[in-house]
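Open your viewer and get ready to select a few residues at a time. We will go from one stop to the next together.

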Amino acid sequence: MGIIRKQSILTSLLSYAGVGLGYLNVILLFPSFLSAEEFGLTRVMLAVVTIGSQFALLGSGNSIIRFFPEFKDPEKGHRGLLRLGLILAAIGFSIICVVLLVMKPWVVQHYAERSSLVGQYFMLIIPFLGVEVLFQVFKSYSRVLLHSVVNIALKEVVVRLLTTILLVVFYFGMMSFDTFILLFVAQYGVITLVLAIYLIGIGEFFSGMNRHHISPELRKRMTTYSLFAILSNTSALFVMNIDVMMINEMIGLEYVAFYAVAFYVVSLINIPRGAILNIAMPLVSEAWKNNDIKQIHGIYEKSSINQLTIGILFFVGIWANQETLFAMLPAEYASGKWVLFSVGIARLVDTGFGINGGILANTSHYRYETYFGIG
């Protein structure tokens, strides 16, 4: 528990620093410096890439965490697990690229009048998706090596700091919106490159692969697990992002911006859960391998109690100050008040169950997480 406590505290602090920057960006700068439609475009792109990356990964991120104990061997480069993850991700990314290219004419025509920016910048989704897929593979690999702090710092702090800089530069007229959106995507490539360089620097970027280690039995288990991981992750991310895509489709791109502000504030509740899950999952996987039920029980019990306690405090604080929050924004953003309440309650219930999904995902009953997610 010492490793979990130490790294979860550190990652929580980094996450809250990221929330501070995110608050500056999402609550103050985006609504003030961009039009609602331009702001909405950034949210839609993020939602599409977040969901698309889970298909493109072909379950490789989850498999790295789930099967790392069976590959773990520093002297043999962990038997090429990283390279295997990258190969799967490359195959999945190629498939999704073909799908996106086939869909492009329909998307451009469909959004030509109501949300023209979506069609205009549609092709940017492909490089955005590519760097996100790479980052997710490196992120999973760094997690099993218990180096999660770096990927958290990059995704939660560095990318948001870069976004702040881009917004300020755009506000002072030093770049066009075309340049802004290009650099907005490029910053995700920067953090992916930095994470790869970090893995090389600590001597953990192994490109070789031991094919003999992957027996037919192990290959079958990994394939089955990966297929269910794709369904499970995608269904979970649909729950998190389908609202943004539906609002864009049914109402309009500018309303995505109104929704995004309220949704972002509620994300405060989920930060401790994400920090604990990020650190605990590799340890849970190792504990299952050793059949250490006592350790798993301890991790689950403490994570549930701590997350719910912190979550309640955050929810009460957010709802008590919601009038002040919306008074700081343009009047049209006030429609997000009840988004704040309903999504906040949902996040609170989720945190109360601790890392239940993470524990289930590392057992032979992982299929049930997929069934529940789709349901």
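Predicted model: local features only at pLDDT ≥ 70, side-chain atom pairs only at ≥ 80, totals over all residues.

Residues are numbered from 1 along each chain as its sequence is written, and side-chain values use heavy atoms, leaving out hydrogens and water.

**Stop 1: a helix pair.** Select residues 148–171, helix H7, and residues 177–201, helix H8. Helices here are DSSP runs of H or I with at least four residues, numbered from the N terminus. The two axes (lines fitted to C-alpha atoms over the stretch in contact, with angles from 0 to 180 degrees between N-to-C directions) come within 10 Å and cross at roughly 155°. H7 and H8 are therefore roughly antiparallel (an angle over 145 degrees). Now show side chains: Leu154, Val158 and Leu162 are among the H7 residues in contact with H8, whose residues there include Phe180, Phe184 and Ile191 (contact means heavy atoms within 4.5 Å).

**Stop 2: Phe71.** Next, pick Phe71 in helix H3, residues 60–71. Is Phe71 buried or exposed? Phe71 is buried, with a relative accessible area of 0% (buried means under 20%, exposed over 50%, with a 1.4 Å probe and protein chains only).

**Stop 3: the cores.** Select Phe39, Leu41, Phe177, Phe180, Ile181 and Leu340, which have the most contacts inside the largest nonpolar core, of 93 residues. Such a core is a set of buried Ala, Val, Leu, Ile, Met, Phe, Trp, Tyr and Cys residues joined through side-chain atoms within 4.5 Å. Helix H10, residues 253–266, gives the most to this core, with 12 residues. Finally, look for another core, apart from that one, whose eight residues include Ile276 and Val284.

Conventions. Helix = DSSP H or I, 4+ residues; strand = E, 2+ residues; numbered from the N terminus. Parallel < 35°, antiparallel > 145°, perpendicular 65-115°, else oblique.
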